[in-house]
Amino acid sequence: MAPRYQRILHVDGDAFFASCEIALDPALRNRPVYVGGGRRGDGIVIAANYIAKRYGLITGMACFEARRKCPEGVLVRPHYNEYRRLSLEMFSRLKNYTPMLVPTSIDEGFLDFTDSPRVFGCCTAAELAERIRRQIVTEVGVPISAGLGSSRWLAKLATEHCKPNGFLEVPADGERAFLAPVPVKKLSGIAERRARALRSLGVRALGDVARLPLEMLRRRFGVFGLELWLLARGELHETLSLANNARTCISSATTLPWDEPDCEAALLFLLDQTERVITTFFRENLKAREMGVFVRFCNFEGVGRSVRFPSAQFEPRVIDPVVEQMFRELVAGQHQPIRQVCIHFCNFEPLDLQPDLFGEHPEFKRREMHHALEEIETRYGPRSIKSGTRLLAESQAAHLLGDKAKCPFVPQREMEIKVGQLPETLCENALDPVYEEDWLPLESDESRTGSGPLPLPRTWGRSTSRATKLG
Ligand SMILES: [Mg+2]
């Protein structure tokens with residue numbers, strides 16, 4: 001009997017932001033709808049529903065261009081807080097169907113679907129997937145598509161293939177045939193540089209990858225090459241794990257309320273932003289080795305630089321002065337007003353703030369303070385308590401309060417559904433399924449050996465930088 005591998009379900013909201021707007025205002029149904037970002041909601045298109053897409057509207061297009069292409073289209077300003085609420089509603093339903101849910105963005109995630117159909121008394125995975133999709137669309141109001149496969153890459157490709165409002169299962173013996181015509185550029189993790197390197201080997205589609213000798217790919221791309229080769233041959237079997245999805249970068253960009261000629265005011269926004277990002281460090285127990293600052297001017301040109309600390313950092317008293325110094329160097333000699341400031345951290349290490357032999361780490365207090373702040377915010381609402389920097393920044397721009405023009409990534413920690421949190425009845429079944437005799441144990445990340453299923457490349461890691469993922 002063939003070994004038993006994990007089956008992974010990928011779910012993705014269809015034109016999520018536009019679907020949310022339609023869910024909020026049913027009068028928009030059956031009309032071309034697009035959501036416009038920017039300061040007045042007339043910057044660029046950040047999502048368009050499928051009717052609007054038929055007119056040629058795409059994410060990233062300028063709103064005036066969209067209006068020209070589709071004069072009867074309805075332009076809606078974004079309501080990020082509502083999208084976030086609907087996203088949480090969607091994930092809270094999805095979590096009921098799996099022992100492990102790994103959200104990757106506001107409208108996307110992976111579910112361990114190996115035992116779910118059996119646990120829920122369905123004969124096929126398709127039957128349960130359809131049931132879930134129907135439930136989400138009736139109860140939350142947003143349509144989702146889903147794909148099922150034996151790796152995240154494959155499941156995601158299956159979803160893309162059946163969009164919108166569809167489900168596609170790629171059976172284990174049909175993977176190679178399904179993947180053969182798929183262009184490698186469609187895979188997440190393959191950007192222009194890798195695509196070019198693959199083209200130089202004569203590779204355009206995954207079918208070409210399957211025909212190449214493994215050694216060649218391995219020498220050129222390392223582990224990534226091996227995984228690509230296994231995927232193309234239908235032999236990549238993955239174990240879904242939360243650890244696979246570890247953060248690789250945290251970045252945050254703030255478009256200033258107006259083109260700011262005063263550098264000091266812009267610096268204030270940058271420091272406020274840094275403060276918020278550092279709060280994430282405490283929350284997720286991280287410290288960062290590398291940091292970058294980017295400043296964009298009103299002519300849309302920008303300057304940036306990055307720094308690598310001798311050791312990973314998490315303390316504001318170390319980070320803030322460096323941010324300030326980098327910012328001053330970047331804006332020195334510039335005459336344009338500032339439009340946007342960005343901060344970026346990567347190369348993380350775990351933050352361990354345990355008391356040691358010499359007593360408590362001084363930052364232990366700070367973490368406690370962050371926890372207290374978080375608790376206050378949970379109880380009394382966001383921004384019910386604020387730092388001096390924030391207070392100053394707000395006095396610069398009162399309308400930064402409330403529904404901000406920023407994409408609200410739903411933090412993974414809010415949605416990570418661990419096995420123990422499932423209802424008891426489901427837990428029993430899901431945790432203790434009766435496996436066939438020669439079932440292949442699904443290894444955990446720690447026990448992973450060279451021959452076991454491999455983690456996907458780091459590019460899979462999630463980023464809070466939403467610039468390329470909107471829509
Ligand atoms: Mg989507």
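Me: In this predicted model, is Asn347 buried, exposed or partly exposed?
Reply: Asn347 has 14 other C-beta atoms within 10 Å. A residue is buried at 20 or more such atoms and exposed at 12 or fewer. The count for Asn347 therefore makes this residue partly exposed.

Me: Where is Asn347 found, and what is its phi?
Reply: Asn347 is found in strand β12, residues 338-350. Most residues other than glycine have a negative phi. Asn347 is not a glycine, yet its phi is positive, at about 60°.

Me: Is Asn30 buried or exposed?
Reply: Asn30 is found in the loop between α1 and β2 (33-36). Its phi is positive, near 65°, in a residue other than glycine. Within 10 Å there are 10 other C-beta atoms, and 12 or fewer count as exposed. Asn30 is therefore exposed.

Me: How is helix α1 oriented to helix α4?
Reply: Helix α1 (residues 16-24) packs with helix α4 (residues 80-94), their axes 10 Å apart. The angle is about 90°, and angles of 65 to 115 degrees count as roughly perpendicular. So α1 is, relative to α4, roughly perpendicular.

Me: Which residues does a cis peptide bond join?
Reply: Most peptide bonds are trans. In the loop between α7 (152-162) and β8 (167-169) lies Pro164. A cis peptide bond, with omega about -10°, joins Lys163 and Pro164.

Technical notes:
Residues numbered from 1 in each chain as written. Predicted model: local features only at pLDDT ≥ 70, side-chain atom pairs only at ≥ 80, totals over all residues. Axes fitted to C-alpha atoms, helices over the stretch in contact; angles between N-to-C directions. Helix = DSSP H or I, 4+ residues; strand = E, 2+ residues; numbered from the N terminus. Parallel < 35°, antiparallel > 145°, perpendicular 65-115°, else oblique.
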